[in-house]
Amino acid sequence: MSLVCPARRQVLLGLSGVAVASVFSTPVQASRSTQGVRELSFYNRHTGEREQGQFWAEGEYNQDTLSLFSEVLRDHRQNQAAPMDKRLYEFVYNLQQAIGNNDEVHVISGYRSPHTNNMLAAKSNGVAKKSYHMKGMAMDLAIPGVELKTLRDAARSLQLGGVGYYPRSGFIHVDCGPVRSW
């Protein structure tokens, strides 16, 4: 039996929720409330295409730049683009800030159509059947001149989503799903 009255319990629960939210605020949430510019530069290793631009400026996302990024991150096998999750760009931007690097990000894989993902999953047990790539929420990447271990460790430290480490293939995977690593 509780000795706290229902009204007071609601107030206490509300205050504890605010306290928890403030402890777990992420850079993605913070970026929406700050002014400034956020820029990324991508090179797709499969198509040879490059794109760069300010995806965040003056307190909002730049839809034109996001569309250009989605095109360069498209499924090159099916020539199919899909909108990428804005949190993914925030993750990559924060990763570069964490390592003090603004160089071009080399993309190995961005969006994957279900057809492409099924084909790759049939050939390798390293491809998830319900991959975040199919939702526009994942990217496999490398940055020339930056050790993969450095990228992996920095990505993990951000706690913004999933981080996979593929040293034999020469890339790390980042996604804006639950925080986990492999």
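In what sense do β1 and β2 pair, and over how many bridges? The two strands are antiparallel and share seven bridges; strands count as paired if DSSP finds at least two bridges between them.

## Model and overall content

This is a predicted model, in which local features need pLDDT of at least 70, side-chain atom pairs count only at pLDDT 80 or more, and totals for chains, interfaces and linings use all residues. Residues are numbered from 1 along each chain as its sequence is written, and side-chain values use heavy atoms, with hydrogens and water left out.

The protein has six helices and eight strands. Helices (H or I, at least four residues) and strands (E, at least two) are DSSP runs, numbered from the N terminus. Along the sequence the pattern is α-α-β-β-β-α-α-β-α-β-α-β-β-β.

Of the 182 residues, 43% are buried, meaning under 20% relative accessible area with a 1.4 Å probe and protein chains only. The protein exposes about 10,300 Å², of which carbon and sulfur atoms supply 52%; these areas come from the Shrake-Rupley method with a 1.4 Å probe. Among contacts (heavy atoms within 4.5 Å) with a separation of 6 or more, 56% come from residues 24 or more positions apart.

## The sheet

Strands of a sheet pair through backbone hydrogen bonds, either parallel or antiparallel. Here eight strands form an open sheet with mixed pairing, in the order β3-β2-β1-β4-β5-β7-β6-β8. Its edge strands, β3 (60-61) and β8 (180-181), each pair on one side only. Helix α3 (residues 63-72) packs on the sheet and touches β1 (37-44), β2 (50-57) and β3. The direction of α3 makes about 145° with that of β2; axes are lines fitted to C-alpha atoms, for helices over the stretch in contact, and angles run from 0 to 180 degrees between N-to-C directions.

Elsewhere in the sheet, strand β4 (residues 105-109) pairs with β5 in the antiparallel sense over three bridges. Histidine 106 has alanine 142 of β5 as its bridge partner.

## Two hairpins

β1 and β2 form a hairpin with five residues between them. Valine 37 stands opposite alanine 57 of β2, and in the turn glycine 48 has a positive phi of about 75°.

β2 also runs antiparallel to β3, joined by two bridges. Tryptophan 56 stands opposite tyrosine 61 of β3. This second hairpin has two residues between its strands, and glutamate 58 in the turn has a positive phi of about 50°.

## Helix α6 and its surroundings

The buried residues of helix α6 (residues 148-158) are Leu148, Leu151, Arg152, Ala154, Ala155 and Leu158. Their cover includes α4 (86-99), β5 (138-142), β6 (162-166) and β7 (171-175). Glutamine 159 follows the helix and has a positive phi, near 55°.

Two packed helices are described by the angle between their axes and the distance between the axes. The axes of α4 and α6 come within 9 Å and cross at roughly 115°. The contact involves Phe91, Asn94, Leu95, Ala98 and Ile99 of α4, together with Thr150, Leu151, Ala154, Ala155 and Leu158 of α6. By class, the contact has eight nonpolar, two polar and no charged residues. Ala, Val, Leu, Ile, Met, Phe, Trp, Tyr, Cys and Pro count as nonpolar, Asp, Glu, Lys and Arg as charged, and the others, Gly among them, as polar.

Note on methods: Buried < 20%, exposed > 50% of the residue type's maximum accessible area, 1.4 Å probe, protein only.
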